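Work through the exercises below with the sequence and the model at hand. Each task is followed by a solution in steps.

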Amino acid sequence: MRINNKELKNNLVFAPMAGVSDVGMRFLCSYYGADATFTEMLSAMAMEHNSSKNRLLTLTTDAEKIKVAQIFGKSPEIMAKIVNDESLEKFDAIDINMGCPAPKIIKNGEGSALMKNALLASKIIKACVNSSKKTVSVKIRLGFDKIVATDFAKMCEDSGASFITVHGRTQSQLFSGSVNYEEIAKVKSAVKIPVIGNGDVVDRESYLKMLGTGVDAVMVGRGAQGKPWIFSVLQGKELKINPYEVAKKHVEILRKYFDEKWLKLYMRKHFLWYLSGVKCASEQRVKIATSNDIEKSLAVLKSIFCDNDFENK
Ligand SMILES: Cc1cc2nc3c(=O)[nH]c(=O)nc-3n(C[C@H](O)[C@H](O)[C@H](O)COP(=O)(O)O)c2cc1C
């Protein structure tokens, strides 16, 4: 599979995740083998109003091999304008979010609500494709309340999308139940453009199951939280990772751009994710969850991963 004429070597992609896919995470996932990384979804409307927050969300590093910026919205005119925004110049592709299930997004007719409105969805894709020289792609779910993914994917292809990503659940499922591999396979067979399969990939077993659908590449989201090295694990590489060192690098990258006040609150969840899977660490978890000091939180991680004889599993 190629994006903007760049070949994906491992066919592994790091997912767009609001509040998670920061520039540090994207650096680390790329370092461990993700070929392509997506920004979290950016509001076309907010960009239209020149939101400074979006400028921080579009930070990238040279480690990212294929950079994809994801936008959401419902106005073909605004989105067609935003794809040419200066802040998106460095990206290889612009992805349109048609899968977000969050109530505040679907209430506005955006995200996965567009899967109930194929006509408008098509207008948005065509407007972005016509206005931009960049690769335009779409990320979808299987449908809103019923499965429509095959027809919807064909519409995306006919409207000019260069590839699509399918999360194998409907909007109404949110994150419940298991991913529907059969429907992802049907989408892959229905279109000629590349398809990225997404949902519940957390280890080699789930990765091979996703590959079994015939998709061209696999996207990983939650499986990379606190474990950006998952992209090496999925390739079958044996690694000895020290999560403390990875967390320290994560902080080092974010510190270049973000102030300490924001960072100490933001990093809490990531520190807790770096700790996940460690048994008997409830006291350390409380320390991190209530800490207002990044160095102290890093020291907690260090005490677990360096001072003890921790074997990463
Ligand atoms: C906290 C969180 C934030 C997310 N934000 C986005 C987003 O900004 N854009 C998007 O297309 N999907 C978003 N998603 C969905 C993921 O990209 C992915 O489709 C979903 O988590 C299923 O993949 P996974 O099982 O590998 O996590 C988000 C998911 C989570 C858990």
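**Exercise 1.** Find which residues Ile82 is in contact with, leaving aside its neighbours within four places in sequence.

Solution. Step 1: apply the contact criterion, heavy atoms within 4.5 Å. With neighbours within four places left out, Ile82 is in contact with Ala44, Met47, Glu48, Ile71 and Leu88.
Step 1: Ile82 lies in helix 4, residues 76-82; helices here are DSSP runs of H or I with at least four residues, strands are runs of E with at least two, and both are numbered from the N terminus.
Step 2: check its cover. Ile82 has a relative accessible area of 3% and is therefore buried (buried means under 20%, exposed over 50%, partly exposed in between, with a 1.4 Å probe and protein chains only).
Step 3: compare sequence and space. Ile82 and Met45 are 37 residues apart along the chain, and their C-alpha atoms are separated by 8.6 Å.

A note on the source: this is a predicted model, in which local features need pLDDT of at least 70 and side-chain atom pairs count only at pLDDT 80 or more, while totals for chains, interfaces and linings use all residues. Residues are numbered from 1 along each chain as its sequence is written, and side-chain values use heavy atoms, with hydrogens and water left out.

**Exercise 2.** Is Gln225 buried or exposed, and which residues does it touch?

Solution. Step 1: locate Gln225 in the loop between strand 11 and helix 10 (230-234).
Step 1: read its relative accessibility, which is 18%, so Gln225 counts as buried.
Step 2: list the partners. Not counting residues up to four places away in sequence, Gln225 touches Met17, Val20, Met25 and Trp273.

**Exercise 3.** Describe the salt bridges of the structure and where some of them sit.

Step 1: take Glu7 and Arg2, whose closest N and O atoms are 2.6 Å apart. Glu7 is partly exposed at 43% relative accessibility, and Arg2 is partly exposed at 45%.
Step 2: take Asp216 and Lys188, with closest N and O atoms 2.9 Å apart. This pair links distant parts of the chain, 28 residues apart: Asp216 is in the loop between helix 9 (204-211) and strand 11 (217-220), and Lys188 is in helix 8 (residues 181-190). Asp216 has a relative accessible area of 25%, so it is partly exposed.
Step 3: take Lys248 and Glu245, with closest N and O atoms 3.7 Å apart. Both lie in helix 11 (residues 243-255), three residues apart, about one turn of the helix. Lys248 is partly exposed at 34%, as is Glu245 at 40%.
Step 4: note a network of salt bridges that links Arg169, Asp200 and Arg222.

**Exercise 4.** How many helices and strands does the protein chain have, and how much of the chain is buried?

Solution. Step 1: count the elements: 14 helices and eleven strands.
Step 1: read the extent. Along its principal axes the C-alpha trace spans about 60 × 45 × 35 Å.
Step 2: read the burial. Of the 313 residues, 55% count as buried.
Step 3: look at contacts with a separation of 6 or more; residues 24 or more positions apart account for 69% of them.

Notes:
A salt bridge is a side-chain nitrogen of Lys or Arg within 4 Å of a carboxyl oxygen of Asp or Glu.
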